[in-house]
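Trainee: I would like to learn how to read aromatic contacts and sheet packing in a structure. Could we go through one together?

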Protein chains: 2
Amino acid sequence: MKAIVFDVFGTVVDWRSSLIHQFAELGKELGYELPGEALADQWRQLYAPSMDRVRKGEIPWTNLDDLHRESLVQLLDQHGIVLNEATIDRINPFWHQLTPWPDVQRGLKRLKEDYIIGTLTNGNVSLMVDVARHAELPWDMIFCAELFEHYKPDAEVYLGACRLLRLPPEEVMLCAAHNADLRAARALGMKTAFIPRPTEYGPQQQKDLAAEEAWDFVAEDFIALSEQLGK
Amino acid sequence: MKAIVFDVFGTVVDWRSSLIHQFAELGKELGYELPGEALADQWRQLYAPSMDRVRKGEIPWTNLDDLHRESLVQLLDQHGIVLNEATIDRINPFWHQLTPWPDVQRGLKRLKEDYIIGTLTNGNVSLMVDVARHAELPWDMIFCAELFEHYKPDAEVYLGACRLLRLPPEEVMLCAAHNADLRAARALGMKTAFIPRPTEYGPQQQKDLAAEEAWDFVAEDFIALSEQLGK
């Protein structure tokens, strides 16, 4: 194994708490309370369906920043929240300012000593550059859907990263908090590591609480994964 | 200006000294002296013509690692040097282990505080990942020819990086030691910074010793550039 690529939303960063916090801050500034938890959860619920429109060919390639904005407009409308364009333009980049889970920075630093580390994410390049700068994530490379104009779980994303690394899939491992993502990677011959993030979706989370298959590695967090890999 | 992208071979790393050093080390191991200077210079002379074959459509997209290998085989043949495949496979990655100029690491670190920094190089992703790891270059992103399947100075490479950054060209600056590269960037609306590297091609270097146009910035090295930009 030469390289480890990471799912980002949920696996590396705590998108939900970060969004809720940013909605609260914006609400204070605007002078009225925004329903941050509902907006965060529902915005994320629109994520997979929005990408599926691209994956099924219903709309041409559209990057995640633009899908996020369409979903946001729809969501604000459903909630009857009226904001001007300039304010909406400030909310969409909330996804660029996400906080990593506490083990991430130290774990990635240790893993980078022995492996090439990169993202394998549906977020677009500029979004991921901003997340990495904000969260101080020392990626060797940002591999993402936008480079291949396909969204995970399309095979093109996983195999595209392996091709750019010039490595066969068995020398590349996907690390993710989501069993479905790992299933797609394993089906293509990649190694797999599951890291549970049991509060990604909040205190009532029902799915991805545990490994659903015998993944190559299952570790509590990135530091534990680095220890399993001999650090 | 939001982002600075850098030419790599010559601008960031001293490819010539690095290659010569690695040829010398290999020669010691093999027990006979390789003509390191000639091999380094002639290998680099085959660089532009090899990419031009792709740029003119004579051969399909081929990444730089593969072009380098073809050129190397041709060169060894010209010199009557007979090496087995395994040894040739050890020489081609010399390009993955290049040493940065002395100002680079400190300069990039300072520039990264205020700007997104990335490569804008004809080297492929895996080559650039290895160079960055070897030379400890803290890129936010590796933008390279391979992502766009075009070699500089094709416009697709420059505009492709701007598109992925979601920035207009005038908010992105190319930093390079080569006037021709800067001319291509300026023609597309990008900002430009010239850094002379007067020994890139050895002590007898004739070209790119000075700025040939009034580039937006001309600085002695990366640290001086960061100072001109207000650090």
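Trainee: Is Trp43(A) buried or exposed?

Mentor: Please keep in mind that this is a predicted model. Trp43(A) has a relative accessibility of 1% and therefore counts as buried, since the cut-off for that class is under 20%.

Trainee: Which residue in the loop between helix H5 (85–91) and helix H6 (104–114) of chain A is linked to Trp43(A) by an aromatic pair, and how are the planes of the two rings arranged?

Mentor: A pair of aromatic rings is described by the distance of the centres and the angle of the planes. Trp43(A) and Trp95(A) form an edge-to-face pair, with 5.6 Å from centre to centre and 75 degrees between the planes. This pair links distant parts of the chain, as Trp43(A) belongs to helix H2 of chain A while Trp95(A) lies in the loop between H5 and H6, 52 residues apart. Both Trp43(A) and Trp95(A) are buried.

Trainee: How many aromatic pairs are there over all chains, and what is the geometry of the one that Phe23(A) and Trp43(A) form?

Mentor: The count comes to 20 aromatic pairs over all chains. Phe23(A) and Trp43(A) form a tilted pair, 6.2 Å centre to centre and with 55 degrees between the planes. Here, too, distant parts of the chain are linked, with Phe23(A) in helix H1 (residues 15–30) and Trp43(A) in helix H2 (residues 36–45) of chain A, 20 residues apart. Phe23(A) is buried, its relative accessible area being 1%. Ring pairs join these residues into a cluster, whose members include Phe9(A), Trp15(A), Phe23(A), Trp43(A) and Trp95(A).

Trainee: Turning to the sheet, what is the order of the strands in chain A, and which are the edge strands?

Mentor: The six strands form an open sheet in the order S3-S2-S1-S4-S5-S6, with parallel pairing. Strand S3 (141–144) and strand S6 (217–218) of chain A are the edge strands, each pairing on one side only. Within the sheet, four bridges join S4 (residues 172–176) to S5 (residues 191–194) of chain A, and Leu174(A) stands opposite Thr192(A) in S5(A). Helix H10 (residues 179–187) of chain A lies across S4 and S5, running at about 170 degrees to S5(A).

Trainee: In chain B, what do the buried residues of H10(B) pack against?

Mentor: The buried residues of H10(B), among them Leu182(B) and Ala185(B), pack against helix H9 (155–165), strand S4 (172–176) and strand S5 (191–194) of chain B. H10(B) is followed by Gly189(B), which has a positive phi near 100 degrees.

Methods:
Residues numbered from 1 in each chain as written. Chains lettered and ligands numbered in written order. Predicted model: local features only at pLDDT ≥ 70, side-chain atom pairs only at ≥ 80, totals over all residues. Heavy atoms only, no water. Buried < 20%, exposed > 50% of the residue type's maximum accessible area, 1.4 Å probe, protein only. Helix = DSSP H or I, 4+ residues; strand = E, 2+ residues; numbered from the N terminus. Contact = heavy atoms within 4.5 Å. Phe/Tyr/Trp six-rings, centres within 6.5 Å; stacked < 30°, edge-to-face > 60°. Pairing = 2+ DSSP bridges. Axes fitted to C-alpha atoms, helices over the stretch in contact; angles between N-to-C directions.
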